[in-house]
Amino acid sequence: ETVPDSPNGNFIRTLFFDRTVDRETERHTILAGSNRGLFDYNGQDWTEIPTLRGRTIYAISSLPEDPGSIFVGTPDGVFDIAGRSVVKGDVREIKHFQGKRYAAIHGRGVVDLTSASPRLVFANDAVTSLYGSVDRLWIGTLDRGLFSFDGVNDIASTNLTVNYTAGVTFEAWVKTTGLTEGFLMGHGGGG
């Protein structure tokens, strides 16, 4: 199956899944962000979300307490499902951490989107990715390393051990220790 029907529009940049269970029903939301917009899967067919038609979607997020509150990150900023702008900029990732919503805006930094007035919490023009773990928000950059934020104190630089082999796409990995969870991280490259 293709999303959308045009072969030129099948560049899927991100996928989103949410499972909501209430007293009597279980609902699954599956969304695909492409270079042509946002698409919703109903179990049989993909439907384009008209308010986001033509937008390149890099990231999809919802509030944990309200799965229907969908936000997308695009090269033009963060938008809600109705197509209203939340913040401008080249948004590469949106993550929730300790009850707040953060966006990685390439060329600007990490922005807290929780209040009506978005606030810059980490100025770094090379941010590209975010990951919310148990006790910190991990911030990946294009060429300046890995940083972490505990939600209160200043951003801390994290030393990475990089094992590089020429020609191998997966270059670096990190395993957290002393936490209840771990993760694997890498970036594309090689020859």
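The tour goes from a sheet to its hairpins, then to a further hairpin and the salt bridges.

**Ground rules**

This is a predicted model, in which local features need pLDDT of at least 70, side-chain atom pairs count only at pLDDT 80 or more, and totals for chains, interfaces and linings use all residues. Residues are numbered from 1 along each chain as its sequence is written, and side-chain values use heavy atoms, with hydrogens and water left out.

**Stop 1: the open sheet**

Select β9 through β12. These 4 strands form an open sheet in the order β9-β10-β11-β12, and the pairing is antiparallel. The edge strands are β9 (90-97) and β12, each of which pairs on one side only. From one strand to the next, the twist averages 25°. Two terms apply here. Strands are DSSP runs of E with at least two residues, helices are runs of H or I with at least four, and both are numbered from the N terminus. Two strands count as paired if DSSP finds at least two bridges between them. For angles, axes are lines fitted to C-alpha atoms (for helices over the stretch in contact), and values run from 0 to 180 degrees between N-to-C directions.

**Stop 2: β10 and β11**

Select 100-106 and 109-112. These are β10 and β11, an antiparallel pair with 4 bridges. Ala103 stands opposite Val111 in β11. Now move to the turn. The hairpin has 2 residues between its strands, and Gly107 takes a positive phi near 90° there.

**Stop 3**

**Stop 4: β14 and β15**

Leave the sheet selection and pick 137-141, strand β14. Its antiparallel partner is β15, over 4 bridges. Leu137 stands opposite Phe149 in β15. In the hairpin, 4 residues lie between the strands, and Gly145 takes a positive phi near 95°.

Next, show side chains on 146-149, strand β15. Leu146 and Ser148 point one way, Phe147 and Phe149 the other way, and all are buried. Buried means under 20% relative accessible area, exposed means over 50%, and partly exposed lies in between (1.4 Å probe, protein chains only). In a regular strand, side chains alternate between the two faces of the sheet.

**Stop 5: salt bridges**

The whole structure holds 8 salt bridges. Each is a side-chain nitrogen of Lys or Arg within 4 Å of a carboxyl oxygen of Asp or Glu.

- Select Arg53 and Glu48. Their side chains meet at 3.0 Å, N to O. Arg53 is exposed at 53% relative accessible area, whereas Glu48 is partly exposed at 25%.
- Select Asp90 and Arg92. The N to O distance of this salt bridge is 2.9 Å. Arg92 is partly exposed, at 27%.
- Select Arg136 and Asp135. This salt bridge spans 3.6 Å, N to O. Arg136 is partly exposed at 25%, and Asp135 is partly exposed at 27%.
- Finish with Lys100, Asp112 and Arg119. Salt bridges that share partners join these residues into one network.
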